[in-house]
Amino acid sequence: MFKHLLCAVLVLSLSPLSASAFGVKDYHKEVMTNESGKVECSVCHGDQKRKTIPEMSACEACHGTAQEVAESTKRPANAGHSVEPNPHDSLHYGTDLPCSYCHLEHKQSEVYCNQCHEFTYPEMKR
């Protein structure tokens, strides 16, 4: 009995993980799940291998261009220092920073700029 249980544990631990085992954030589930309830990795990863980082064009297909996203998150003109900088229009990188530097689907998202700064972006979906 113990031998069978040990074999089952080994087989499960060595088998490749399915896409659903990686987890999909709630706000993306509707877009990435097909009619049968299976997560379609190709929605973001295209025909590439699953473990590759999606191209920015995959994000832009649903969320708009980098310039459109930057426009939607721009600071009010008279905000001064009471509002943090626009995360999608960096003073250092403009709109060229890839989405995946901050937005992570299978892990907790993080603020790339916080490698040097201390921004909170309280409304960021993590």
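Is His 88 buried, partly exposed or exposed? In this predicted model, His 88 has a relative accessible area of 25% and is therefore partly exposed. The residue belongs to the segment after H5. Between His 88 and Pro 98 the separation along the sequence is 10 residues, and their C-alpha atoms are 9.6 Å apart in space.

The protein contains 5 helices and 0 strands, and its pattern along the sequence reads α-α-α-α-α. Of the 126 residues in the protein, 20% are buried. Helix H3 covers residues 42-45 and helix H4 covers residues 56-63, with Pro 54 placed in the loop between them. The relative accessibility of Pro 54 is 27%, so this proline is classed as partly exposed. Pro 54 and Cys 41, which are 13 residues apart in sequence, have a C-alpha to C-alpha distance of 10.0 Å.

Helix H5 spans residues 66-72, and Ser 90 is located in the segment that comes after this helix. The relative accessible area of Ser 90 is 12%, and the residue is therefore buried, the cut-off for this class being under 20%. With a relative accessible area of 4%, Ser 109 is buried. The side chain of Ser 109 reaches a backbone nitrogen as well, that of Leu 104, at a distance of 3.0 Å.

Asp 96 lies in the segment after H5 but is exposed, its relative accessible area being 63%. This value is over the 50% cut-off, so the residue falls in the exposed class. In space, the C-alpha atoms of Asp 96 and Gln 67 are 9.3 Å apart, while in sequence the two residues are 29 positions apart.

Rolling a probe the size of a water molecule over the atoms shows where empty space is left. The second largest pocket holds about 160 Å³ of space. Its lining consists of Arg 75, Pro 85, Asn 86, Pro 87, Asp 89, Ser 90, Leu 91, His 92, Cys 113, His 117, Phe 119 and Tyr 121. By residue class, this lining is made up of 6 nonpolar, 4 polar and 2 charged residues.

A pair of aromatic rings is described by the distance of the centres and the angle of the planes. The structure has 3 aromatic pairs. In one of them, the ring centres of Phe 119 and Tyr 121 are 5.6 Å apart and the ring planes meet at 55°, so the pair is tilted. An angle over 60 degrees would have been needed for the edge-to-face class, and one under 30 degrees for the stacked class. Phe 119 counts as buried because its relative accessibility is 18%, under the 20% cut-off. Tyr 121 is buried too, with a relative accessible area of 12%. Tyr 121 is situated in the segment after H5. The backbone of Tyr 121 has a positive phi of about 40°, although the residue is not a glycine.

One aromatic cluster is formed by Tyr 93, Tyr 101 and Tyr 112.

Methods:
Residues are numbered from 1 along each chain as its sequence is written. This is a predicted model: local features need pLDDT of at least 70, side-chain atom pairs count only at pLDDT 80 or more; totals for chains, interfaces and linings use all residues. Side-chain values use heavy atoms; hydrogens and water are left out. Helices (H or I, at least four residues) and strands (E, at least two) are DSSP runs, numbered from the N terminus. Buried means under 20% relative accessible area, exposed over 50%, partly exposed in between (1.4 Å probe, protein chains only). On a 1 Å grid over the protein atoms alone, a cavity is a set of points where a 1.4 Å probe fits but cannot get out, and a pocket is an open set with protein on both sides within 12 Å along at least five of seven lines; lining residues have an atom within 4 Å of a point. Grid points are joined across faces, edges and corners, and a volume is the space filled by probe spheres set on the points. Ala, Val, Leu, Ile, Met, Phe, Trp, Tyr, Cys and Pro count as nonpolar, Asp, Glu, Lys and Arg as charged, and the others, Gly among them, as polar. Rings of Phe, Tyr and Trp (its six-membered ring) pair if their centres lie within 6.5 Å; planes under 30 degrees apart count as stacked, over 60 as edge-to-face and the rest as tilted. A polar contact is a pair of N or O atoms within 3.5 Å; within protein, one must be able to donate a hydrogen and the other to accept it, and residues adjacent in sequence count only if both atoms are side-chain atoms.
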